[in-house]
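Here is a short briefing for a first look. Please view the sequence and the model before reading on.

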Amino acid sequence: MYDIERYLNIRSAFGASFAPDGTLSFRMDTTGTPQVWTLTDPAEWPEQRTFYEERVTFASWSPERQELAFGMDEGGNERQQLFRLDADGRITNWTNADAKHRWGGWSHDGDRFAFASNRRDESVFDVYVQDREVTGDDAEMIYKGDGWLSVAGWSPSDDRLLVHEAHTSFDHDVHVLDIESSEMTHLTDHSDEEIRYSSLSWAPDGDALYCCTDLDADTLYLARLDAETGELETVERGGDWNLDGIALDDETGRLVYSRNVDGYTELTVGELAGPTDIEEFPDPDIPAGVSGGVAFDDDADRFAVTATADTVNTNVYVVDFETGEAERWTRAPTAGIPEESFVEAGLVRYETFDGRQIPGFLSLPHEVPEGGAPTIVDIHGGPESQRRPSFSPTKQYFLAHGYAVFEPNVRGSTGYGREYTHLDDVEKRMDSVADVEMAAEWLADRPEIDGDRLVAKGGSYGGFMVLAALTEQPELWAAGIDVVGIANFVTFLENTGSWRRHLREAEYGSLDEDRELLKEISPINNIEAIEAPLFVLHGANDPRVPVGEAEQIAEEAEKQGVPVRKLIFEDEGHGFTKLENRIEANRAIVDFLDEHV
């Protein structure tokens, strides 16, 4: 039996990128926060390249030089700055504005890079191009934006940028921006219907791009979009499942795309044999779970991919393109905990109040105690997210200590089509809470589960779901754990980052038009019903769900006589990234559950 600290010392390696000479960079959390490490061979001991207390948020090699771009924020505030790491270890701070900087990629000659930033106006993002030798705030703004813009990559001739615009989480547009003239060509003019365009990649000839879209479909599929006219052609349909990601090498036409099948990733490897034709190669030999983050080497003979599964911690694999043979390059350790002790979740479905079948993952401890196991119902955030079969050290800890864990994908989750995702919008918000109620009742009827010891746990929007479950269904729950959750939709929308407000109002309802509804469904306004002990955890620097949400719900629950514990981390934001904080938070959660459950 290992304690929670031991489990939290299980490491993850992810986010690979190939240098021109074949060196592989990746991020690994060996030091407690993700830093940049490199390898030139899978048998080597990796070399650590950055040494910060703050997390490194991405890393990308230059296509022509042995230098690497990376990003980092401070204390979880999400105001990412951009840096360059040279071969000799010197680091150049490219940006220092108090703003968000969203990486947009290197030019093919490696002389420039692009990014989007809200440094001019916090509520919108502009597009910038900067020379690799320029530092400070001297980047050239080549397009003044009026919404949520991000740069998706340079054209093969380096004269244009792909620009993605998000109106809401499910309503996007695609533009091509001429770098010299700053002329923006809008490719995806559409009606009031919400349409997604994601995972944009230039075609080798620069005349088109490939993307995933749900235009005229319930699920995402692979499409080709003409870079001048916007004419769209279907390449590969996803069927009942989202085809949700594509990596395309714009020199060779080699590509890898992913299909999300009930939460499990299925990768297809191929090469463009025509505008809409793909010659397929063998599937990669990697763990069957969740994979992504594909990066090609210089000749596209190999690609790196991050893979994880319920019983396999996250690591980077390098795959031979033509044979599909894969080799694990990183050795993120499992802290000496035997891998055979890890539990694999089962994919299940339960019927909810309107007859729908709700999918979820149920994990049972190796030995179920007589009378059934206490059970943590762990609800994902988003709400446009999805629980998938990936490795979680905290889940494995609870399983090893006798808890069962159920992870439902209630209505509003992604991965099951457009219709399912919109079933919880605005006035239908509480239908997703009813799905959690039905999950609790379904679990209580199972002999492996102790229905008197159910715990609601969740983060961000999942934190709202915890609070809503405890106030709407107080008799069902033995305890609740709210991590960076929403307690009051009105104060949340008033205080969240201005760049996010419009996107979140599309999901939850607007302050102008739906204020009364937002008040009605806010757990803070139903707090008199709460009975179960509550643990509230938050980061003081959270730009998404301000810390005031935690403070007000803890105060009001305490007034009701409910046992309440509150834990605020001054150096964290929307979630906890520093190892010492994760250890403290999870130890406190364990103590809380030991006391009350």
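How many helices and strands are there in the protein? This predicted model has ten helices and 36 strands. The radius of gyration is 24 Å, close to the 25 Å given by the globule rule for 597 residues, so the protein is as compact as a globular protein of that length.

**Overall dimensions and packing**

- Along the principal axes, the C-alpha atoms fill a box of roughly 65 × 55 × 45 Å.
- Buried residues make up 62% of the 597 in the protein.
- Take the contacts between residues at least 6 apart in sequence: 54% of them join residues at least 24 apart.

**Surface and charge**

- The protein has an accessible surface of about 22500 Å².
- Carbon and sulfur atoms account for 41% of that surface.
- The protein carries 49 positive and 121 negative charges.

**A closer look at asparagine 242**

- Asparagine 242 belongs to strand β21, which covers residues 242-248.
- Is asparagine 242 buried or exposed? Its relative accessible area is 4%, under the 20% cut-off, so asparagine 242 counts as buried.
- Leaving aside residues up to four places away in sequence, asparagine 242 touches Arg196, Thr219, Leu220, Ser258, Arg259, Asn260, Gly415 and Tyr416.

Key. Residues are numbered from 1 along each chain as its sequence is written. This is a predicted model: local features need pLDDT of at least 70, side-chain atom pairs count only at pLDDT 80 or more; totals for chains, interfaces and linings use all residues. Side-chain values use heavy atoms; hydrogens and water are left out. Helices (H or I, at least four residues) and strands (E, at least two) are DSSP runs, numbered from the N terminus. The radius of gyration is taken over C-alpha atoms; the globule rule is 2.2 Å times the number of residues to the power 0.38. Buried means under 20% relative accessible area, exposed over 50%, partly exposed in between (1.4 Å probe, protein chains only). Contact means heavy atoms within 4.5 Å. Accessible areas come from the Shrake-Rupley method with a 1.4 Å probe; for residues, only the protein chains shown count as cover. Lys and Arg count as positive and Asp and Glu as negative; His and the chain ends are not counted. The place of a charge is taken as NZ of Lys, CZ of Arg, CG of Asp or CD of Glu.
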